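Hi,

Here is the structure I promised to pass on.

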Amino acid sequence: MNPWLLNLPKFGFFSRIQGGLWAALAALSATASFPAQAATASKASTEPATPLRAELPTQHRAFFESYCTKCHGPEKQKGKLRLDDISLSVDTLKQADRWAKILNSINSGEMPPEDAKQPENNAKADFLDALSQTMVTARKALSDQGGNITVRRLNRREYQNTLRELLGVETDVATLPSDGGGENFDTVGSALFMSADQFLLYRQLGRKALDQSFKAAMAKTEVHKAHFEAEAETIPMIERSMAEFVSIRKRHTKWTRQVDAAARLPENAKIAQELREKHKDQSEKFYLNWEKIQGAPSPKDFGFPDAIDANMMNGRWENYIPQAADYLTQPKAKTGTYLGVANLNHRWVSVPVPKEWPAGEYTVRARLACTEEGPVDRRFVDFLSDYPSSQVLNTHQVTGTMETPQILEIPIHIDAEGGRRFKFAEKAILGNADGMGPAGQLFRAGFQENKIGPDYAVWVDWVEVEGPFVPPHVAQILSALQTQIEQFQPDDAGARRFLSDFASRALRGRPIPTEFLDKLCKLYHLRVTAGDAPLEALKEPLTLVLASPSFLYLTEPAEDGKTRQLTDLELATRLSFFLWSTPPDAELLALAKKGELQKPAMLAQQVERLLADPRCVRFIKPFVLQWLGLSRLDFFQFNTKLYPDYDLPTKAASRDEVIETFAYLLKKRGSLTKLLKSDFAFINGLLANYYKIPGVFGDEFREVALPADSPRGGLLGMAAILAMGSNGEQTSPVERGAWVLRKLLHEPPPPAPANVPQLNRLAGKPLTTRERIAQHQEDAQCAQCHRKIDPIGFGLENFDAVGKWRTVDLRPDVPKQNQNIDPSGAFFKGPAFRDFFEMRDLVAAKPERFARGFTEALIEFGLGRPFGFSDEPLAANVLASASQKDFALPEFIHALVASKEFHSK
Amino acid sequence: MNTSLSRRHFLRAAGSVIALPALESLGFRAFTAEKAVSRPKRMIFLGFGFGVTQETWFPDVKQIGAEYTLPEGLAPLARHQKDFSVIQGLSNQYSQDAHWGSTFWLTGANRFSEPGQSFHNTISADQAAVAKLGQDTRFSSIQLNGGDPDLVAHHQGHGPGLSLSWDAGGKPVAGLNSPAQLFHKMFSEEPMPLAQRQALLAQERSVLDAVLSDAKQLQRGLTKNDNDKINEYFQSIREIETRIARDEQWLGVTKPKAPIGEPAANLHGKEEVKLMYDLMVAAFQTDSTRVFTYRQPAEAFTKSIGAKVALHDMSHYAPGERMLASQARDRAQSELFAGLLDRLKFVQETDGSSLLDHTCVVYGSNLRTVHNLDNCPTVVAGGGAGIKLGHHVVAQKNTPLCNLWLTLLRGVGVEAERHGDSTGVLKEMAV
């Protein structure tokens, strides 16, 4: 249903909240999409929902009568289909399949046949719209799980977090297959599969984690530190290169002189003249023909592989020597390193971590400054890994000056098998895979100007690395393990005790089945007999615990068709996996054991504790990324030639902005509606520089007040959201419009229909984006959805493909006179807007639609099942509670956790 | 008893390590010729997910039969025209997801057919073939995926799934993602000594026994729905048991010597496809497996042929740059496919016939073009399934694609009643 037709209930809704839950629910059901739901929703909080019905509104029968029943009616039933008396409700899979075929045949243009009477475009679009929506409703109703929560396997994140909590080690889970089916959250049990290969991988990863953990538990914790003066890496490198290039220069000169001498011999007069004539413009090329000149020496005699190389190496000399000379005259070249952007060898300052140091958490420090000459845009450094591939780990704004440099501290995790070399470089030295990064372009521009290159922007005095530092909670885990290992008696009873202790923690407080324990002990015995040392032998059954179904699945026993309340322990587990993606900690377990957790006040208090804990980021990040579909940002590369400043670090920061803003709102109990529109942005120095918002320096994200005319503030002003509504080169109003409908207005367009004929009439003509997309309106099959989608996208056209504000579209294929952007439009059957700001205001005026979509996502993520019709009353309850608190973010979570559904299996 | 079994028993009896090609020098040709038995049948399913440029890929529907002109998109296959058929008119009636080119391609399933679930699938044709073709080789079947490092298959036009294959329960079967992985699986020797491996296999039974006891305990008291889910775990363990049994059978037999060199890591797109094809042939040469599926790279592929337009834009082509890119992709894919057929022809069985004579290679996608899921592009090559080759066949519109799968399955000797939504075999393909 169209949200713009729902204006009335909105006011009714707020005024009726005070009238009690019943009234609120009734009002809410009126705002929801499906009329049939009203009855269900109002009685829902106490009774299970009755199945909902999908029904094509009766007025659409007229469409059949006009265009279909001549062949599919009482007289003829072509294809055994009769439409005059067909039931308009879609209650069974069989009916759904039949209607899907009808829809498909109209979408594909097959029906009505070409020679038959054709419906008028708008009428056809209306009909298709209604039938598509009915089908979406039908599929949803038919696939409704009736409130069942399918048992969940730990997904990749949860598995990784669980091993960390259990063993105090980091596990690389990249080899495990990815979770979820693309349409679901990665917590939805029915979409989490298991395979033989996966079982083997669990054993492999579990064993590795155990090995690491045992090793760490018994290792002496010794803190290492290494310090490197940056110039100690750079100066010798420059000196070596200088010497090398001088030698090249000398050898090349000797060679060419001897070739010249040979060319002067009488027998070479003719060929020499020909060659000189031929290479008049590039005299160097003359020497490539040395073989044609009798008596000329080979470049090999002068240490070059061949003539081409000789010339090339010599050519570089001309660039290098002046650059190096210039570098060495920089005021602090002898006491540190100026980061180059290209060509010279000192683009990095390395941080090598000695191989002997153990895996763990380290701190890297760097003393840095920005130069006076370097432009503000370049006062950033990337911190990169060097192995197995060069990757930006994080990016930092350089705020120190040459007089008072800053000291930057970066925590890093060193893996036992991962790379040991890290480095600092100016931001965006690393290019996209498709070619040279923006820094390369920067160098070329500078070089063309002065034959040396651009000014240096960042100076590094020294770098150091120190560690490992064991975080307190890891130290606790390891020291407990150490005690256990030290007290381990290698007899059968000792092994049994160790295994049972470990299993009870691994299985989240549940006792290990005796039979399983027996078999694990047998396995231990088997390994000892095979000659393993006792501790090694123990690891085999321990590994198995970590690959057992009791560990991998969050089971909640229940009888079919009966709903029961969760035990305290099950509730603790569900809660902890929801907000931390980890098993319950000691406090939750203790409360569960005492039977305190079910008490509403205690539960609310625990929710507050979990939300305040840093581990909450393990909820925020995956939830926000999946809810808003942010993975799309990685589906294409941004064209760095068109958009040099939307480099990889900026892209990463723009994604962080979405997550950080959500986290901030959650923390300060802010309203969800601030994501629609707000008078502040939550950004760091890098993004402020990108958005051209002055006065923000440093790496930490913070609230920054925005001027009234700023397009930023709210999701629609965030670069990441806008950028994923593009293909990396051009904006895609369709992607953007569909995203707004899906995520902000909660009116998701039906899935793109199959078999719709493509529109090619205007292909290849010079058109504005708007003109190109306007084609969608010519054809009912397209118009049924695009008349809703496209206008919203037009309203966002003032943002280019990387979310920067623009007033003209400079695409070369757009005629010059049409380059001014026209952002005006109107919501389908809704209000018109003149520009982005008016459109944003209209969207922001529908907070209840946005909140509704958010609530459904939260329920799906938190309960681990697709949101179904049977969840309607739950959604209404959550929404009602949250709206009473001005949609404050934590209220949604409190309401969900307090709901009956969260406590039931 | 079929040949391959006796061949392996022969190997075992000889008690030594012999790569298959060496058999001929031992007079194996005479040995088999005497018994006059048929060669093992093999199947390859190559799915490219995204569709084709329909204007220049499909032959003219008016030219039916052996006399037809190969259109531009298939032109690189000209030298093999007698060895494959192009079939039009096939589709999966339940496929409605316009961005899913592979999920139901080999299954024909109705994703909504399970009440209370929004996703359902059934066994894929290759897995149905495994029952017959997967018994006598070290690996019953092998699944391959194009490695698009930064992309998930869902957005490459393939749709959900871990490969083209779905097991008997309709669950996704995982695949290998690079030529290097495939190489090591087939040819790299286990570093462990034989006795130790035997002991390990024995211990493995205790391991499985232990987790099975946990699973059984766990299943008590669960709802039917949850039990079904835990059953996936059981299935996995059973699969490993089968593998162990097979491993035991093959314990004395060293892995064959690789007929080609180890592929480099990080090959993408075109390079990857070429190497995967080489390795498939190597797998058949060494009889490591007889069934392959390969969900081919899409984004990485177009990038590797230098296309300047984004993949999704390209699939929504219109005359101009996008269509040219789409056509270039079609040609590049067909060239590689032609290369695979070359190599399958080149390798001879001991009786002088070629690998291709006994192999059925399917090349296609569930997506025709743009968002169209009808008239799925379909090419079948090789003599493995005994179908009519060298023809352009136009089946009646909307003939189930599963009719073709059923035809091929029966052709390679699987005694299947039906497959997916098949209504019978494709009579048009009878020789």
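Two residues are in contact here if their C-beta atoms, placed from the backbone, lie within 7 Å. On that basis, chain A puts 63 residues into the contact and chain B puts in 59. On the chain B side, α6 (194-219) and α7 (224-250) each supply at least two residues. That side has 26 nonpolar, 20 polar and 13 charged residues (nonpolar being Ala, Val, Leu, Ile, Met, Phe, Trp, Tyr, Cys and Pro; charged being Asp, Glu, Lys and Arg; polar the others, Gly among them).

Bear in mind that this is a predicted model: local features need pLDDT of at least 70, side-chain atom pairs count only at pLDDT 80 or more, and totals for chains, interfaces and linings use all residues. Residues are numbered from 1 along each chain as its sequence is written, with chains lettered from A and ligands numbered from 1 in the order in which they are written.

Now the sheet. Chain B has an open one of 7 strands, ordered β3-β4-β1-β5-β6-β2-β7, with mixed pairing (strands are DSSP E runs of at least two residues, helices H or I runs of at least four, numbered from the N terminus; two strands pair if DSSP finds at least two bridges between them). β3 (142-145) and β7 of chain B are the edge strands. Strands β1 (residues 42-47) and β4 (residues 291-295) of chain B run parallel, joined by 5 bridges; M43(B) has V291(B) as its bridge partner in β4(B).

One loop residue to check: A385(B) sits between β6 (378-381) and β7 (392-400) of chain B. G411(B) is 26 residues away in sequence, yet 4.0 Å away C-alpha to C-alpha.

Cheers
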